[in-house]
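Here is a short report on one protein model.

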Amino acid sequence: MSSNRAMIKDAITSGTTLGTGGMLSPEQAKKFISYMVDNTEILKDTRLESMVAPEKQLDFLLIGSRLIRKATEAAAPSELAGVTINRKELRSVKVRLSADITSEFLEDNIEGQSAADRIARELAQQFGNDVADLMFNGDTAAAGTDASFLTIGDGIIKQAKASTAAHKYSIKNKTDYKDVIFPGMLAMMPNQFKRDRKNMRFYCSSSVADAYILSLANRVTALGDSTLTTGKLQDFLGIKIFPVEYIPDDVIILTNRLNLVSGVQRSMKVYSQFNQRKDQTEYTMYMRIDPGKIVWDDALVIGYDF
């Protein structure tokens, strides 16, 4: 079986029908999506749903505590409670990635015959990067230079700020992440969602993560010295600090990593066409995506300046 890299290369550079323009087979699409996710850290950490149609219903089950009751012989239970079903819908939007590669690059670059391979890999990785960016920053009401990108769909940040069930923590005029911001956000999280600490995350910018590292390094302890020299991010009360390059410095999200879900439709098209007048190859890739949804709004705390 060919590798993901070889599959992508063949799909967009070969002289076959697929190479000149066509839809990827289900197996090729699966491999492409896998490659895209494997090279995008935040997509690997959160949930990605494969879609076979533009819409997909997702039902999530939440089981509460204290469900058992004393059984009375020959009597039906008087109450049925504690199980909640939450339904979210993924709706994909068609997106396109276009790139023009000159013949001089293909002929003269130091990578030789592997140039097309590199192009294929970087286009796939860029798709993943853009999906991750939209996952947090998408805004259908955006205007300005990046509007054509941001308006593809509403991201997690906009959804959380608008939600009446998500919890909001003000970080205005606060800079102490270790003793103020992180504890304050964690205190707002309902207890039932705190149990799975290994899958909980503080998603934040790299600048916030660095500030947290420096706050630990200021402690006159072996841990402080180690943190300063290695730059290793220490968990906060068992919760992983996860820097994401697409999150603004003034936004922090606390939630279970499985509480964020994105959708990718497997019907993917890849085209390549040589433009003789411009002496360049035009690559065009089409995919349908839903950038992201919050599963349980009540299980998310967003910290921002308000």
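Is Asp 290 buried or exposed? Asp 290 is buried, at a relative accessible area of 2%. Buried here means under 20% relative accessible area, exposed means over 50%, and partly exposed lies in between (1.4 Å probe, protein chains only).

This is a predicted model: local features need pLDDT of at least 70, side-chain atom pairs count only at pLDDT 80 or more, and totals for chains, interfaces and linings use all residues. Residues are numbered from 1 along each chain as its sequence is written, and side-chain values use heavy atoms, with hydrogens and water left out.

**Around Asp 290**

The side chain of Asp 290 meets that of Lys 293 in a salt bridge, 2.7 Å from N to O. A salt bridge is a side-chain nitrogen of Lys or Arg within 4 Å of a carboxyl oxygen of Asp or Glu. Asp 290 is also among the residues that Ser 262 touches. Contact means heavy atoms within 4.5 Å. Ser 262 sits in strand β10 (residues 260-275). Helices (H or I, at least four residues) and strands (E, at least two) are DSSP runs, numbered from the N terminus. Ser 262 is buried, at 1% relative accessibility. Not counting residues up to four places away in sequence, the contacts of Ser 262 include Arg 47, Leu 48, Glu 49, Pro 291 and Gly 292.

**Salt bridges**

The structure holds twelve salt bridges.

| Pair | N to O distance |
|---|---|
| Lys 56 and Glu 49 | 3.0 Å |
| Asp 196 and Lys 198 | 3.3 Å |
| Asp 290 and Lys 293 | 2.7 Å |

Arg 47, Glu 49 and Lys 56 are linked in a network of salt bridges. Glu 49 counts as buried, at 16% relative accessibility. Lys 56 is partly exposed, at 26%. In another pair, Asp 196 is partly exposed at 25%, while Lys 198 is exposed at 65%.

**The five-stranded sheet**

Five strands form an open sheet with mixed pairing, in the order β6-β12-β9-β7-β8. Strands β6 (167-170) and β8 (240-243) stand at the edges, each with a single partner strand, so one side of each has no neighbour in the sheet. Two strands pair if DSSP finds at least two bridges between them. On average, neighbouring strands of this sheet are turned by 20° against each other, direction ignored. Axes are lines fitted to C-alpha atoms, for helices over the stretch in contact, and angles run from 0 to 180 degrees between N-to-C directions.

Strands β7 (residues 200-204) and β9 (residues 251-256) run antiparallel and are joined by four bridges. Met 200 has Asn 256 as its bridge partner in β9. Helix α10 (residues 206-217) packs on the sheet and touches β7, β8 and β9. The direction of α10 makes about 140° with that of β8.

Lys 174 lies in the loop between β6 and α9 (177-188). Lys 174 is partly exposed, at 29%. A polar atom of its side chain lies 2.7 Å from the backbone oxygen of Ser 170. Leaving out residues up to four places away in sequence, Lys 174 touches Tyr 169, Val 180 and Ile 181. Lys 174 and Asp 305 are 131 residues apart in sequence, yet their C-alpha atoms are 9.2 Å apart.

Met 185 belongs to helix α9. Met 185 is buried, with a relative accessible area of 0%. Residues up to four places away aside, the contacts of Met 185 include Tyr 169, Phe 202, Ile 252 and Val 301.

**Helix α3**

Buried residues of α3 include Phe 32, Ile 33, Tyr 35 and Met 36.

**Positive phi**

Leu 237 is not a glycine but has a positive phi of about 50°. Leu 237 lies in the loop between α11 (222-230) and β8, and is exposed at 55%. Asp 279, also not a glycine, has a positive phi of about 55°. Asp 279 lies in the loop between β10 and β11 (280-294), and is partly exposed at 30%.

Definitions and conventions: A polar contact is a pair of N or O atoms within 3.5 Å; within protein, one must be able to donate a hydrogen and the other to accept it, and residues adjacent in sequence count only if both atoms are side-chain atoms.
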